[in-house]
Amino acid sequence: EQYIFWDETYRAHAPLPVIGVNTIGPTIIQYGTDEQKAELLPKILEGKIFFGVGYTEPSAGTDLASLVTRAERDGDEWVINGRKWWSTNMGHPNVAVTIVMGKTDTEAATHAQQSQIIVPVDTPGFRVERMLSVFGYDEKPIGHAEVVLENVRVPVENLIAGEGRGFEIAQGRLGPGRIHHCMRVIGMAERALELMCARLLSRTA
């Protein structure tokens, strides 16, 4: 149903906050706590909140098992330190929250070391270092950025699903997300074909 939705949405050229509806919303539905759902899902549906995504890193690329960003428990807070690379949506002026993936237990099994944490972008220590281009394009007004986190503190309640489940969450959402991108392109292609056919039928030599 979601794939049909995205096909039809882009066929109709409907404006939607893609990251929120395609990635973050389903992540919170599937893995979030009741409190996270109550706080974030209505805002996503109403288009009142935009999200960034902080997975990729300079030293690890897209290999999420090799991340070096650390999130360490300090009382009732997580303290996050690291650097993110090509962080999605960070150029958007309305981005308020990002999901950061980092290691919470370096002694655990390889794919149980990572966790995902909700981080408001106005948290002290969180900064956008610079915007990055993708294939030579800067993708305004959305864009991808290099992000630095220095002693960023967020409540322990911002942890999604549980400690050590970050890799599981990423695999559970990135797979459907890739198909979503395909359906968007198919929808846009269908729209382009329809416009071309309409033009051919209406034009005069």
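**Close-up views of a predicted model**

The count of disulfides, pairs of cysteine sulfur atoms within 2.5 Å, comes to zero. The model is a predicted one, in which local features need pLDDT of at least 70 and side-chain atom pairs count only at pLDDT 80 or more, while totals for chains, interfaces and linings use all residues. Residues are numbered from 1 along each chain as its sequence is written, and side-chain values use heavy atoms, with hydrogens and water left out.

View 1. Residues are called buried under 20% relative accessible area, exposed over 50%, and partly exposed in between (1.4 Å probe, protein chains only).

**View 2. The hairpin of β2 and β3.** Helices (H or I, at least four residues) and strands (E, at least two) are DSSP runs, numbered from the N terminus. Two strands pair if DSSP finds at least two bridges between them. Strand β2 (residues 70-74) and strand β3 (residues 77-88) run antiparallel and are joined by five bridges. Asp74 has Glu77 of β3 as its bridge partner. Two residues lie between the strands of this hairpin, where Gly75 takes a positive phi near 65°.

**View 3. The pairing of β3 with β7.** Strand β7 (residues 144-155) runs antiparallel to β3, and nine bridges join the two. Within this pairing, Lys84 has Val147 of β7 as its bridge partner.

**View 4. The salt bridge of Glu57 and Lys84.** A salt bridge is a side-chain nitrogen of Lys or Arg within 4 Å of a carboxyl oxygen of Asp or Glu; a search of the whole structure finds eleven. In the one between Glu57 and Lys84, the closest N and O atoms are 2.8 Å apart. Because Glu57 lies in the loop between β1 and β2 and Lys84 in strand β3, the pair ties together parts that are 27 residues apart in sequence. Glu57 is buried, at 0% relative accessibility, and Lys84 is buried at 1%.

View 5. Arg70 pairs with Glu72, their closest N and O atoms being 3.8 Å apart. Another salt bridge links the side chains of Arg165 and Glu168 (2.8 Å, N to O). Asp74, Glu77 and Arg153 form one network, joined by salt bridges that share partners.

**View 6. The largest nonpolar core.** A nonpolar core is a set of buried Ala, Val, Leu, Ile, Met, Phe, Trp, Tyr and Cys residues joined through side-chain atoms within 4.5 Å. The largest has 23 residues, of which Ile24, Ile28, Phe51, Leu64, Met101, Ile118 and Ile160 touch the most other members. At least two residues of this core come from each of α2 (18-31), α3 (34-45), β1 (50-54), β4 (95-103) and α4 (166-202). The largest share, four residues, is supplied by α2. Apart from this core lies another, of 17 residues, including Phe126, Val147, Leu149 and Val152.

**View 7. The surroundings of Ile118.** Contact means heavy atoms within 4.5 Å. Leaving out residues up to four places away in sequence, Ile118 touches Ile28, Gln36, Leu40, Val97, Thr98, Ile99, Val154, Asn158 and Ile160.
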